[in-house]
Amino acid sequence: MKNEILETKDGLFTVTVMVNGEKKELPVRNSESLLDALRRHGWKGTKKGCDTGDCGSCTVILNGRPVLGCLTPAVTAHNGEITTIEGLGSVHEPHPLQEAFVEAGAVQCGFCIPGMILSSKHLLDNNPMPTEAEIRKALDGNLCRCTGYVKQVEAVKKAAAKMARGRKK
Amino acid sequence: MPEFIAKPASLKELWKQLPSLPASRRYLAGGTDLVTADNAGAETSECWVDIGDLPELNGVRETSSAVFIGSAVKVSELERSAPVRKWCPVLLAAVPHFASPSLRNMATLGGNAANASPCADGVCALVAEDACVSLALGGKRRRLPLKDLFSGPKRTALKKDELILGFEVPKRPHTGAYLKLGPRARFGISKAAVALAAELSGRRLTRAAVALGSVAPVPLYAARTSEWLAGRTLSAETAAAAASLVMSEVSPITDARSEAAYRREMCGVLLSRALESLAA
């Protein structure tokens, strides 16, 4: 890179990115998707489903908006801020959305859930008390082959209520 | 994806860089069409030039007579843009039909036009909005009606390296509708889509523009139907007559998504529903 101008050639390019609040310098292949680069560097919560932009399981939040990792060339994320599912919570300290998905029984095989939760997080960050129609619209594009969507919608409602209670305390 | 991705910081830098880049090159904006084509083996350029963040292609501006929408504006930004909300009702109505929320955060109207798919929802809506497209190649600028940009499926009048700067939608009080028939209510490629822009004086259509997606080799401006509608009063009879006229104007094909006869029929149904929605 020179003068903030990205020019990749011959193999690897090092992108500077904030991943889940931490600054990282990641060597990525010029021809690699953000999804593959994140997984190769250990953020395996980002799932590779269709790799064609249809299923939503590779959703990450890039510069404040959910995008599909499989259709984003990794080098274009240079200087960007990324949130993956690992940035939300842990097994011992889950994010309210993660708790709500478990409580509502919204998780079966779990493969679509990181994408679902990141799409939901973006929704609740911008609209803390969404209507059911707004939840369905936000999750449009996150496909689930197990549960049929009812439980996920319920989970987002539960999480919104939990987070509202959290704010009142 | 190609081994070489260049990202100029400004338009000036872009024109300076281009001659030194491999001859086999394409512009990259949101990547939703280009990366998909690449994954499918249909895109084999040696170099992509990332124009997604060029300041000259971003932002929505209002002039005294038009709304200018930069070609790299993300589709999801349109919903939040005050000038688009005020002056582009058809485009606004098309946004929820455009792919999925995450794809709308990536995809751009410029890419939607450059890709020149007959099913492009954003383009179909912009054609009904009577948009012009602004193009640049080095210092040379030109402007043409968006409907004239397309010469066939995935074919445009764009010259090599010519860049879409943005779209101008004339500011005029009008209303509109965008109705799409796909495999499901949302997140699907259309079998047929109808965009209708209308200027109304009471129940009288003083002006109308009808554009259709997925039923011709290009995003189709239905000139005869649009002209016929001007001056008519909204009624069931008008809707029925416009529906049969539009069915004679489209040239759908049978493919993996639908059948020609069904698509033709649905153009009539969607247009008549769009006209009814104005009357309501």
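Mentor: Let us take chain A, which reads β-β-β-α-β-β-β-α-α-α-α along the sequence. This pattern amounts to five helices and six strands. The model is a predicted one, and the values below are computed from it.

As to overall dimensions, the radius of gyration of chain A is 17 Å, close to the 15 Å that the globule rule gives for 169 residues, so chain A is as compact as a globular protein of that length. The C-alpha trace of chain A spans about 50 × 35 × 30 Å along its principal axes. Of the 169 residues in chain A, 43% are buried. When contacts in chain A between residues at least 6 apart in sequence are considered, 59% of them join residues at least 24 apart.

Turning to the partner, chain A brings 26 residues to the contact and chain B brings 25. On the side of chain A that touches chain B, the elements giving two or more residues are β1 (6-7) and β5 (65-68) of chain A. The largest share of that side comes from β5(A), with four residues. By class, the residues on this side of chain A are nine nonpolar, eleven polar and six charged.

Chain B, for its part, is divided into domain 1 (4-50), domain 2 (55-170) and domain 3 (175-279). Within chain B, ten residues of domain 1 are in contact with 14 residues of domain 2. The domain 1 side of that contact in chain B has five nonpolar, four polar and one charged residues. The C-alpha centres of these two domains of chain B lie 19 Å apart.

Terms used: Residues are numbered from 1 along each chain as its sequence is written. Chains are lettered from A and ligands numbered from 1 in the order in which they are written. This is a predicted model: local features need pLDDT of at least 70, side-chain atom pairs count only at pLDDT 80 or more; totals for chains, interfaces and linings use all residues. Domain bounds come from an automatic or database domain assignment. Two residues are in contact if their C-beta atoms, placed from the backbone, lie within 7 Å. Ala, Val, Leu, Ile, Met, Phe, Trp, Tyr, Cys and Pro count as nonpolar, Asp, Glu, Lys and Arg as charged, and the others, Gly among them, as polar. The radius of gyration is taken over C-alpha atoms; the globule rule is 2.2 Å times the number of residues to the power 0.38. A residue is buried if 20 or more other C-beta atoms lie within 10 Å of its own, exposed if 12 or fewer, and partly exposed in between; C-beta atoms are placed from the backbone.
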